[in-house]
Amino acid sequence: MKKKLYIETYGCQMNVADSEVVASVMGERNFEISENQEEADVILVNTCSVRDNAEKRVWGRLRHLNSLKKNNKSLKLGLIGCMAERIGDEMLEDKVVDIVAGPDAYRDLPYLYDKAVEGADAINVELTIDETYDSIIPKRMTEGISGFVSITRGCNNFCTYCIVPYTRGRERSRDPKDILAEVRDMLKNGYKEVTLLGQNVDSYKWMEEGSNKPVRFHHLLEMVAQEDPTLRVRFSTPHPKDIKESVVKMIAKYPNICKHIHLPIQAGNDEVLKRMNRKYTVEWYMNRVEMIRKHIPDCSITTDAFCGFCGETEEQFQGTLDMMKWVHYDTAFMFKYSERPGTYAAKKLEDDVPEEVKGERLTRMIDLQSKLSMESNEKDIGKIVEVLVEGPSKRSADDFCGRCSQNKMVVFPKQDAKVGEYVRVKVLRFTQTTLIGEMVEKIDAPTM
Ligand code: SAH
Ligand code: SF4
Ligand code: F3S
């Protein structure tokens, strides 16, 4: 009899990809994925530590999942991911969970489960310099149109506010052969889109033995794009300090590499950027945007930004709003600064922007971005966009939805289109988050 594994995933796309690695590791050892937490033998919660509220959510969930033990005495509860790395030892000690595995310890999970069943301490939060889960083909848990492949793990940037280098360890790149093997596995399973993942994809670098020229990110992009012209390729996240013209040219060269760059700015003031240790200036960032627009005029540019970092004045905050307007982002993820224990900022800088001021600044960012997103969508009226059909739209069973190359969600009446096909859609209307249109024709592969 197979044992049942239930996985719940929070945090970034890396965690989504990692949960598939975990499912594969456990699958080798007689576990099968279950959709039902009540019948599970083990529940693993893959967690995020990036902001305090991300962790708070998980605490609430763990309390609930623990209550399932009343009716399921053999249930083991496991904490994996970034919170496991940060505070897993305490949580195991306080018996909040039975198993703790950090992001580099997933091969150990079946063994940790056995230990937990024996009643022993089951924890591994060792970070390594070389674990990249080579030769594990992740078990895809979603019905496959679009999936993720990690190309690097960890981060060496140490932005002063950020917990990721502490929870994920040092940066390492994966062997392109393993990356391509995963991409081929996805193609075999009918996937039509892959997103290459890393905390800083531009620093991807692989040295083949016996070669003296490394494989860099733009080479890898080309290798994946050439794998199949009907496979759309995306990536996340490039770092403004490292994004190269060679990468942008590669995006321009291949119709199946999507015309979208997520380029986190974080703040629009040089002093703040310096305190953040972002290693670029506003001018440098503007120059990168101009470079992107020169090669790919229709490229969408999106961002991450947060307000209320240590010492941020009203005037410095205005810089962030000014940059948002100058770039005219298509969408943005926006946050309030949340101090993370152990980071440079927590140790050396004062979290001195009052909570109400952070809240009020965040509202102004969100209001501005809503306006920018509306304007950006309005500009698409009358345009033809190419959409990969993902599934029925949430609002109406008569409509399909899918993303265009620029990563905007597009909704249109189904007609004879099918999930997984590429269609051209003429944009007729829009909301802040969606383009609405009509299918013009089907196409075999992306053309623009
Ligand atoms: N590696 C990516 C981002 C990873 S974290 C990059 O460098 O762009 C995702 C986003 O969370 C960051 O871009 C940042 O905007 C936000 N973030 C990270 N740490 C934060 C903190 N302590 N408080 C608030 N937001 C934070
Ligand atoms: Fe965090 Fe900076 Fe690394 Fe992104 S680049 S994960 S923000 S340390
Ligand atoms: Fe969160 Fe860890 Fe990703 S802190 S954002 S899950 S790398």
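Because the model is predicted, local features need pLDDT of at least 70 and side-chain atom pairs count only at pLDDT 80 or more, while totals for chains, interfaces and linings use all residues. Residues are numbered from 1 along each chain as its sequence is written, chains are lettered from A and ligands numbered from 1 in the order in which they are written, and side-chain values use heavy atoms, with hydrogens and water left out.

**Overall build**

- The protein holds 13 helices and 21 strands, where helices (H or I, at least four residues) and strands (E, at least two) are DSSP runs numbered from the N terminus.
- The radius of gyration, 22 Å, is close to the 22 Å that the globule rule gives for 448 residues, so the protein is as compact as a globular protein of that length; the radius is taken over C-alpha atoms, and the rule is 2.2 Å times the number of residues to the power 0.38.
- Along the principal axes, the C-alpha atoms fill a box of roughly 65 × 55 × 55 Å.
- Of the 448 residues, 55% are buried, with buried meaning under 20% relative accessible area, exposed over 50% and partly exposed in between (1.4 Å probe, protein chains only).
- Among contacts (heavy atoms within 4.5 Å) between residues at least 6 apart in sequence, 71% join residues at least 24 apart.

**Domains**

- The protein is divided into domain 1 (3–124), domain 2 (143–258), domain 3 (259–379) and domain 4 (384–443), with bounds that come from an automatic or database domain assignment.
- The C-alpha centres of domain 2 and domain 4 lie 27 Å apart, and the contact between them takes 8 residues from domain 2 and 12 residues from domain 4.

**Ligand surroundings**

- Around ligand 2 are Cys155, Asn157, Phe158, Cys159, Tyr161, Cys162, Val164, Pro165, Gln199, His239 and Arg278, a residue being near a molecule if one of its heavy atoms lies within 4 Å of it.
- This shell around ligand 2 divides into 7 nonpolar, 3 polar and 1 charged residues, where Ala, Val, Leu, Ile, Met, Phe, Trp, Tyr, Cys and Pro count as nonpolar, Asp, Glu, Lys and Arg as charged, and the others, Gly among them, as polar.
- Ligand 3 is surrounded by Cys12, Asn15, Thr47, Cys48, Ser49, Val50, Cys82, Val164, Arg168 and Gln199, which divide into 5 nonpolar, 4 polar and 1 charged.
- Because domain 1 (3–124) and domain 2 (143–258) both give residues to the shell around ligand 3, that ligand lies between them.

**A buried strand residue**

- Thr302 is found in strand S15 (residues 300–307) and, at 5% relative accessibility, counts as buried.
- Leaving aside residues up to four places away in sequence, Thr302 touches His260, Ile261, His262, Leu263, Tyr329, Asp330 and Thr331.
- The C-alpha atoms of Thr302 and Val327 are separated by 9.0 Å, although these residues are 25 residues apart along the chain.

**Backbone exceptions in loops**

- Most residues other than glycine have a negative phi, and most peptide bonds are trans.
- Lys95, in the loop between helix H3 (82–93) and strand S5 (99–101), has a positive phi of about 60° although it is not a glycine, and at 67% relative accessibility Lys95 counts as exposed.
- Ser135, in the loop between strand S6 (122–124) and strand S7 (146–150), has a positive phi of about 65° and counts as exposed at 66% relative accessibility.
- The peptide bond from Ser236 to Thr237 is cis, with omega near 5°, and Thr237 lies in the loop between strand S13 (232–236) and helix H8 (245–253).
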